[in-house]
Amino acid sequence: MSDFDDLPELVMEGLNVDVDVEPLLVDALGTSALNFEKDAGDNEGNPLTSQPTRPSPRRSSQRISMAIVKPGAIEKQRRKDKSRARRAWRRQNTPLPALPLQYRPSNCAAKRHARLQFIKGKLDSSKLPAGIWVGKRRTRPSQRQWTLPELKEEGFRIIEWRGDEPQVLVDSEGRIIAVLAGKPSDPDFDGAIARADAAMVHARIVGKLNGSLPARPEEHRRGIFSAIPCGVSFGGGQVEPGNLLHPPKKQALLNDLLDNPAIQRLAGFQSSCLGFYFPRVYEDYASNLFPLYEHSPHLQPNFPDISIYPACTFNLGPHTATFDHTDAANVPYGLCAITALGDFDPRKGGHLILFDLKLVIEFPPGATILIPSSVLRHGNTPIVGEGSGSYRMSMTQYCAGGLFRWVGYGFKTAKTLLSEVGGKARKEAIDGKLADRTAQALALFSTIDSLADDRSSVFGVSFRQ
């Protein structure tokens with residue numbers, strides 16, 4: 001008997017996602033092969049460098065305890081401090097792995113999530129748009145922010161979610177394609193959320209004061225809010241992947257955020273959610289990123305011993321709400337992890353909109369959601385009550401598809417590969433047929449029934465009850 005046999009059939013009775021995805025598939029089949037041959041970048045105009053952009057990241061420093069020491073416990077506390085100091089010294093003097101090699105989903109987490117609620121629709125993931133290596137960017141929609149009343153008038157379904165109990169979104173074939181992961185049950189996590197929130201607000205204020213961020217957020221492809229991407233990407237005329245480069249003052253803001261223990265904890269949770277709900281996708285990330293970092297030691301992932309994701313963006317707000325868009329530069333079958341932060345009423349604004357599915361999902365501060373952002377059109381409703389001090393930010397992690405393309409081509413660009421003798425034939429063999437790559441990508445998505453076995457297969461631990 002499957003661990004998931006006793007799940008309710010639907011979270012929302014009668015939820016019916018009738019989406020005609022055939023035109024999207026036809027559009028996707030006309031893949032951007034020309035862009036591949038020209039080595040179009042995934043860095044979206046941000047400069048890259050082959051040089052380190054910051055000191056080698058260190059692991060989180062020990063936490064400062066504010067507890068009152070009871071009488072007679074001074075010596076015991078002193079011994080603990082010495083032991084803690086020794087462990088800290090060993091951590092600081094031990095080389096860090098490039099990725100979280102030792103990640104294993106905990107059994108307690110598996111038990112807690114064994115009775116997953118799920119939202120089922122008539123979407124068939126096999127008909128979602130995707131290129132060979134990166135997603136297919138669609139015709140740019142009008143840059144507008146949809147309000148909740150407008151979406152209701154358009155027939156979108158509102159999904160009420162408190163942000164604590166996980167739910168999964170499955171397609172018509174039972175594949176898990178998105179997860180409302182929520183947050184850990186650990187009460188200390190709320191404190192980490194508050195500290196991460198404060199750190200990002202501080203970064204926005206300091207950035208405005210020192211001129212590294214504009215006084216008024218500038219409009220860009222995703223919306224009107226301050227955003228700083230960082231990590232490993234590909235493009236910008238580079239012949240190999242590089243680290244996203246920023247001016248010194250902005251890089252200093254990033255360094256403070258990346259070294260913040262609360263930010264690191266959010267990053268670790270996002271990465272763990274990828275491994276927990278999408279174990280085979282996680283495994284595919286590892287099989288591409290391990291050789292990438294081994295071949296190119298100059299690359300600096302943001303959280304080397306914490307998260308498998310090579311890049312992240314701090315959307316600093318103050319009113320982060322994205323337009324209808326896709327993140328076409330990301331791995332098509334990859335999952336973008338999004339954690340909402342701020343102070344706003346999630347019932348009134350800040351919703352996650354999934355346009356292809358006609359779903360509007362409440363997205364409370366502190367909650368995390370994972371979606372295939374390269375292929376699903378998504379955006380946010382604006383928050384309500386901006387004049388009363390409300391604000392919204394988010395932290396996202398993702399992976400550029402160009403990194404996998406560069407590894408797949410033998411650590412070289414498509415242009416370089418094509419310039420070699422027999423390069424065209426090798427490139428065609430590596431790219432394969434789109435139908436075959438689509439089938440391979442779909443096989444990475446677990447179903448409700450296969451999730452426990454997929455976890456066991458990838459991580460070598462049984463999670464069956």
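Visitor: How many helices and strands does the protein have?
Guide: There are 14 helices and 16 strands. The model is a predicted one.

Visitor: And what share of the residues counts as buried?
Guide: Of the 465 residues, 53% are buried.

Visitor: What about contacts along the chain: how many join residues at least 24 apart?
Guide: Taking contacts between residues at least 6 apart in sequence, 84% join residues at least 24 apart.

Visitor: Let's look at helix packing. How do the axes of H9 and H14 cross?
Guide: Helix H9 covers residues 279-295 and helix H14 covers residues 451-459. Their axes come within 8 Å and cross at roughly 25 degrees. H9 and H14 are therefore roughly parallel to each other.

Visitor: Which residues meet there?
Guide: From H9, Pro-279, Arg-280, Tyr-282 and Glu-283. From H14, they meet Leu-451, Asp-454, Arg-455, Ser-457, Val-458 and Phe-459. By class, this contact of H9 with H14 has 5 nonpolar, 1 polar and 4 charged residues.

Visitor: Asp-454 is in that list. Is Asp-454 buried or exposed?
Guide: Asp-454, in helix H14, is buried because its relative accessibility is 9%, below the 20% cut-off.

Visitor: What does Asp-454 touch?
Guide: Not counting residues up to four places away in sequence, Asp-454 touches Pro-279, Arg-280 and Ser-446. Pro-279 and Arg-280 are also in the H9 side of the contact with H14.

Visitor: How do the axes of H8 and H9 cross?
Guide: The axes of H8 and H9 cross at roughly 115 degrees and come within 5 Å.

Visitor: Which residues make that contact?
Guide: Ser-271, Leu-274, Gly-275, Phe-276 and Tyr-277 in H8 meet Pro-279, Val-281, Tyr-282 and Tyr-285 in H9. The residues of this contact of H8 with H9 divide into 7 nonpolar, 2 polar and no charged.

Visitor: Switching to rings. How many aromatic pairs are in the whole structure?
Guide: A search finds 9 aromatic pairs. One of them is Phe-278 with Phe-445, edge-to-face, with 6.2 Å centre to centre and 90 degrees between the planes.

Visitor: Where do Phe-278 and Phe-445 lie?
Guide: Phe-278 is in the loop between helix H8 (261-277) and H9, and Phe-445 is in the loop between helix H13 (434-442) and H14, so the pair ties together parts that are 167 residues apart in sequence. Phe-278 and Phe-445 are both buried.

Visitor: Which residues form an aromatic cluster?
Guide: Trp-146, Phe-156 and Phe-355 form one aromatic cluster.

Visitor: Now cysteines. How many disulfides does the count come to?
Guide: The count comes to 0 disulfides.

Visitor: Is Cys-230 buried or exposed?
Guide: Cys-230 is buried, with a relative accessible area of 4%. Cys-336 also counts as buried, at 6% relative accessibility.

Visitor: Next, Ala-367. Where is its place?
Guide: Ala-367 is in the loop between strand E13 (359-361) and strand E14 (368-371). Its relative accessibility is 1%, so Ala-367 counts as buried.

Visitor: What is Ala-367 in contact with?
Guide: Leaving aside neighbours within four places in sequence, Ala-367 is in contact with Trp-161, Gly-163, Gly-182, Ile-338, Thr-339 and Ala-340. The C-alpha atoms of Ala-367 and Ile-193 are separated by 9.2 Å, and these residues are 174 apart along the chain.

Visitor: Last one, H10. How many of its residues are buried?
Guide: Helix H10 (residues 401-408) is mostly covered, with 7 of its 8 residues buried. The buried ones are Gly-401, Gly-402, Leu-403, Phe-404, Arg-405, Trp-406 and Val-407.

Visitor: And what follows H10?
Guide: Gly-410 follows H10, with a positive phi near 85 degrees.

How values were computed: Residues numbered from 1 in each chain as written. Predicted model: local features only at pLDDT ≥ 70, side-chain atom pairs only at ≥ 80, totals over all residues. Heavy atoms only, no water. Disulfide = S-S within 2.5 Å. Buried < 20%, exposed > 50% of the residue type's maximum accessible area, 1.4 Å probe, protein only. Axes fitted to C-alpha atoms, helices over the stretch in contact; angles between N-to-C directions. Helix = DSSP H or I, 4+ residues; strand = E, 2+ residues; numbered from the N terminus. Parallel < 35°, antiparallel > 145°, perpendicular 65-115°, else oblique. Contact = heavy atoms within 4.5 Å. Nonpolar A, V, L, I, M, F, W, Y, C, P; charged D, E, K, R; others polar. Phe/Tyr/Trp six-rings, centres within 6.5 Å; stacked < 30°, edge-to-face > 60°.
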